[in-house]
Amino acid sequence: MLPDVMRGVSEILRIVTERGDGVVINTPVYPPFFAHIADVERRIVASPLAVTPDGYRLDLDRLESDFAAGARAYLLCNPHNPTGLVLRRDELAAIAELAERYQVRVLIDEIHAPLTYAGVAHIPFGSLDAPAARSAVTMVSASKAWNLAGLKCALLVVGEDAWADAQRSTEDVFWSAGLPGVVANQAAFEAGEPWLDALLDALDGNRRLVARLLAEQLPDVGFHLPDATYLAWLDLRAYGLGDDPARALIERGRVALSDGPAFGPEGRGFARLNLASSPERLTEVVRRMATALR
């Protein structure tokens, strides 16, 4: 047990890497990745996702180049925050092969896995039949899908060859999980799937609603339907709002989005919208954005 996923990331990086070692992340990515890697005195190696007409994809050529340059760990976010990308089995297998070839340890944040939409399969990296999967460390939690983050509980799931590393973790990491969080996570995983199914239906409607509203009112916003998560990654560069369009939108439209640059240099000109709200509120969000940008 862990208090949260990022505490697990920090703890495992301390164990399986040394100060100054490179840790690869796929940018744009969840902002705490940058802070936690820096806090344990490891070096951030940004490996940007590839941008295609159909959305974001993993750039395996760039990933291999970053592994070959001497990185010691790879912090994979799958499903990916903020883009909603879910990696295919063949992509995960390619990662495993590269990690074995270049002796890179794989850590995976799979916290958004329960929030994968119908027609898309989330495949846990640790389920692969590969040496890199057997030495991988995965962090999971019910906190995102069931809205339990404040209760403080996550789980460290290790491959058979990583168990000894997990045992080296300091005792306070495990004892820092909150008892309400433990009880709530257990309840969510054991009995919460009907609720989750209803939530996913609602979120699916929300992502499609936002796509339709943007097409009607803000056609120059770049947006691809996420395969997972409750997040919308919006390309606002066409509107000339500078590197941080979220700042202009809160000042002009009273709409609070997440700042794109916090997700790395590839987030300049972008903002992240939380879809986990009512259709009425999301409709108002897009209306205010359109009014502000006019």
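Mentor: Strand S7 (residues 137-140) and S8 run antiparallel and are joined by 4 bridges, where two strands count as paired if DSSP finds at least two bridges between them. The model is a predicted one, in which local features need pLDDT of at least 70 and side-chain atom pairs count only at pLDDT 80 or more, while totals for chains, interfaces and linings use all residues. Residues are numbered from 1 along each chain as its sequence is written, and side-chain values use heavy atoms, with hydrogens and water left out.

Within this pairing, Val 140 has Leu 155 in S8 as its bridge partner. Leu 155 belongs to strand S8, which covers residues 155-158; strands (E, at least two residues) and helices (H or I, at least four) are DSSP runs, numbered from the N terminus. Leu 155 counts as partly exposed because its relative accessibility is 31%, given that buried means under 20% relative accessible area, exposed over 50%, and partly exposed in between, with a 1.4 Å probe and protein chains only.

Stepping back to the whole sheet, we find 6 strands in an open arrangement with mixed pairing, in the order S2-S1-S5-S6-S7-S8. Its edge strands are strand S2 (43-46) and S8, each of which pairs on one side only. From one strand to the next, the twist averages 25 degrees, an angle taken between N-to-C directions on a scale from 0 to 180 degrees, with axes that are lines fitted to C-alpha atoms, for helices over the stretch in contact.

Helices also pack on this sheet. Helix H1 (residues 5-16) touches strand S1 (22-25), strand S5 (73-77), strand S6 (105-109), S7 and S8, and its direction makes about 175 degrees with that of S6; contact here means heavy atoms within 4.5 Å. Helix H2 (residues 32-39) packs on the sheet as well, touching S1, S2, S5 and S6, with its direction at about 175 degrees to that of S1.

On one side, S1 runs parallel to S5 and is joined to it by 2 bridges, and Val 23 stands opposite Ala 73 in S5. S5 also pairs with S6, again in the parallel sense, over 5 bridges, and here Tyr 74 has Val 106 in S6 as its bridge partner. S5 is mostly covered, with 5 of its 5 residues buried.

Tyr 117 and Val 106 are 11 residues apart along the chain, and their C-alpha atoms are separated by 25 Å.

S9 pairs with strand S11 (residues 270-274) in the antiparallel sense over 5 bridges, and among the positions involved, Asp 235 has Phe 270 in S11 as its bridge partner.
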